[in-house]
Amino acid sequence: MSQQERVRKEYKYSMKPLFEQRMRSLLPEEKDFAAFEKIVHTQPKNFIRCNTLKISPPILFERLAKRWKVKQPFPDYPEIILIDQDLGPGELGNALEHILGYYYVQEVSSMMPSLALNPRPNEKILDLCAAPGSKTSQIAAKMENTGILIANDFKMNRIRILAATLERSGVSNTVITRNDAITVCSRLAKRNFKFDKILLDAPCSGEGTLRSSPKTFLMWNPKMVDNLSRMQKKLIAFALKVLKKGGTIVYSTCTHAPEENEGVIDFALKNFPVRAESLSLPLNCRSGITSWQSEEYNPDVKRTCRIYPQDNDSEGFFVSKMTLLEDIKEDIKA
Amino acid sequence: MNAHFLSSKEKKELFTQLNEQFGINEIASLLLETGKEKIRAFSGALSKEELLDLAQLVNIEIIGLYIVRKEHDIRLSFDATQLLNKQLKKNIVDITDEQLALWIRGHDLETAGPRGTVIIRHGSDFFGCGKSTGERIINHVPKERRIRK
């Protein structure tokens, strides 16, 4: 099936009126909104991430170049490889290099939270909502299988996928835990078990994944956004309890909804001793917005990063990074 | 957490066997045995005591990476053959492109080789272990790591 045919097929889904209205508020220029509307009906590009625990990017690149048209679009991140051609169904998943765990198929915008976290060898890191493990395996690779990485998720079926991802990637520095995120943070905080860095890639309404999951067009509803926003605020409050003073937390979602993004960072800035940090990522980022509907946010939310599909030919994402300035006492309630 | 941390004696026995079969001398990780005689390697910076302490706080499902299965002899996991490839010296069977195409789809190989568990290599890539009868190698590639066509 050609790219054009795939585009046409995806057009059977359209934006719900309220979703369209919200996106038009976020993208007030008609040209910008039109670009967004057009691109969300096309399939995303084929990106993979070299698994540096098993193979080096130049060697993998050389191997893949014999089969596909490949590019390394970001010189500072040679592990990010673009397969710049149409592929048949299952072609990426059935390649020998994938079977061997030499690469992981991952959309480029989803690689940004781990890059923002900037994991280093020998650090103590928590990935709070880890399944399916794409970011966990990316973090473990940057840690060179040293330090300690705790990968938590809640549901057993998601844990199985997470475990399979880490197995294939040759990750050996990880403890997989199955708890709800709030329980795990509460219990660890009671024993003063704290982390240098935390990734909170929160469950979200998925507005950024329209290209790969067009069913999100149908599933989206405003109630879901509000409910998720409340849960995300609770998650970040509890996550901060297990972060060391001076430690870094990256909060990310794959949605554009401000309630789930700047709204959550604003909540953290207003209630906890944290500082929002500027980000330098290899994709085009727009600054976080400082007001939405009737809400005015802390001006520092401008330091967060909105990744729109039309800016990068990617999926949509939101990435933010904060530093904890003072230890948080265990008894603080969300 | 249902895991048993290998004692010094158990580790010594394991490494004697790993050395005899494949030439492996060391795995710089904490080793623990979980269900079905599977041994996992944990390279993280937590001691056995710290892991046990952690298990009191949270529900631990999995620690580290599955590397070895103990049967009457030792079988390395698919990923262990890649991660330990620099140490592998014995019982390696090199296969051709045609044999690889069969092996990675889950078929046994009709080929002569040393009896017992062997490691399958194609070029510089390692593709797990198989059980050799001397004339045939029985495929042990996990189903989820096979090509499905």
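Colleague: Which side chains meet in a salt bridge at 2.5 Å, N to O?

Modeller: A salt bridge is a side-chain nitrogen of Lys or Arg within 4 Å of a carboxyl oxygen of Asp or Glu. Here Asp53(B) and Arg191(A) form such a pair, 2.5 Å from N to O. Between chain B and chain A, the count is five salt bridges. This is a predicted model, in which local features need pLDDT of at least 70 and side-chain atom pairs count only at pLDDT 80 or more, whereas totals for chains, interfaces and linings use all residues. Residues are numbered from 1 along each chain as its sequence is written, chains are lettered from A in the order in which they are written, and side-chain values use heavy atoms, without hydrogens and water.

Colleague: How many residues of each chain are in contact?

Modeller: Contact means heavy atoms within 4.5 Å. By that criterion, 35 residues of chain B touch 35 residues of chain A. Buried area is the accessible area (1.4 Å probe) that two parts lose on being put together, summed over both. For chain B and chain A this area is about 2,900 Å², with carbon and sulfur atoms giving 57%.

Colleague: Which strands of the two chains pair?

Modeller: Strands (E, at least two residues) are DSSP runs numbered from the N terminus, and two of them pair if DSSP finds at least two bridges between them. Strand 7 of chain A (residues 174–178) pairs with strand 4 of chain B in the antiparallel sense, over three bridges. Ile176(A) has Ile62(B), in strand 4 of chain B, as its bridge partner.

Terms used. Helix = DSSP H or I, 4+ residues; strand = E, 2+ residues; numbered from the N terminus.
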